[in-house]
Amino acid sequence: MCNVRLATLALAGMLSACGGGGGDGGGTQPPPPAVFTSLAIAPANPDLVLRDTLQMSATPRDQNGAAMTGLPLATFERVAGSGTAVSVSGTGRVIADQTGSAQIRASLTSGGTTHTATTSATVAALGTTADVVVSGGGTSFSPDTVKIAVNGSVTWTFTSGGSSPHNVTFGTPPAGGNIGNTTTGAATRTFPTAGRFTYQCTLHAGMTGAVVVRTP
Ligand SMILES: [Cu+2]
């Protein structure tokens, strides 16, 4: 009994003696090597419409959050039990199969370490109407891409309130034509044929959008 107690004390003493100084040698040390620390999946929480396809990506990051190169490719899968709205190939190709949601997981193993990243995809039916907000002080259409069924319509709502006008100018204008410089109010256009109809605000470089029209 006594011997055990002495041995325990001795061991504790040895541990405390070893536990101290980290031995800072001083001088400039080389940066620590990059260590595979986390995985980032993109795009985050994609909103899809039925029959959309999407390519996911996954980026390995080091202990400082910097992207790492030269690692194996990540593999992708739909998380079991998370829903069946999408199918996911091993390389991250996503197909929106049915309305609802599902989780997509990326996984990457390097140097014996595995990290995963998960995001949730949502799939909606193809709508017959869509709304675009034309930003007030800003220079963007939100969302910049809308998807509707053939014969569906899109309404642009202008929120500038008299300060900065915007317009909606198509490459191929729909019936009713382009929407001229506007600061307040809303305008609607109907799209009877399938296709991708791109437009811009000619007052602001880079202020662009698209209407994607599909047969349901
Ligand atoms: Cu504009």
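User: In which loop is Pro143 found?

Analyst: Pro143 is found in the loop between strand S11 (141-142) and strand S12 (145-159). Before we go on: residues are numbered from 1 along each chain as its sequence is written. This is a predicted model, where local features need pLDDT of at least 70, side-chain atom pairs count only at pLDDT 80 or more, and totals for chains, interfaces and linings use all residues.

User: What makes a stretch a strand?

Analyst: Strands (E, at least two residues) and helices (H or I, at least four) are DSSP runs, numbered from the N terminus.

User: Which other peptide bond is cis, and where does its proline lie?

Analyst: A cis bond joins Ala42 and Pro43, with omega about -5 degrees. Pro43 lies in the loop between strand S1 (38-42) and strand S2 (47-49). Most peptide bonds are trans.

User: How do you know that S6 and S7 pair?

Analyst: Two strands pair if DSSP finds at least two bridges between them. Three bridges join S6 to strand S7 (residues 93-96), so the pair meets that cut-off. The two strands run antiparallel, and Val88 has Val94 in S7 as its bridge partner.

User: What makes S3 and S6 edge strands?

Analyst: The open sheet of three strands has the order S3-S7-S6, with antiparallel pairing. Strand S3 (53-55) and strand S6 (86-88) each pair on one side only.

User: Why is Arg51 called partly exposed?

Analyst: A residue is buried if 20 or more other C-beta atoms (placed from the backbone) lie within 10 Å of its own, exposed if 12 or fewer, and partly exposed in between. Arg51 has 13 C-beta neighbours inside 10 Å, so it counts as partly exposed. Arg51 lies in the loop between S2 and S3 and has a positive phi of about 75 degrees although it is not a glycine.

User: And why is Asn151 partly exposed?

Analyst: Asn151 has 13 other C-beta atoms within 10 Å, so the label is again partly exposed. Asn151 is found in strand S12, and its phi is positive, about 75 degrees, although it is not a glycine. Most residues other than glycine have a negative phi.

User: What is the pLDDT of residues 1-23?

Analyst: pLDDT is the predictor's confidence in each residue, from 0 to 100. The chain averages 88, and 87% of the residues score at least 70. Over residues 1-23 the pLDDT is below 50. Beyond near neighbours in sequence, this stretch has zero contacts in the model (a contact needs C-beta atoms, placed from the backbone, within 7 Å).

Terms used:
Two residues are in contact if their C-beta atoms, placed from the backbone, lie within 7 Å.
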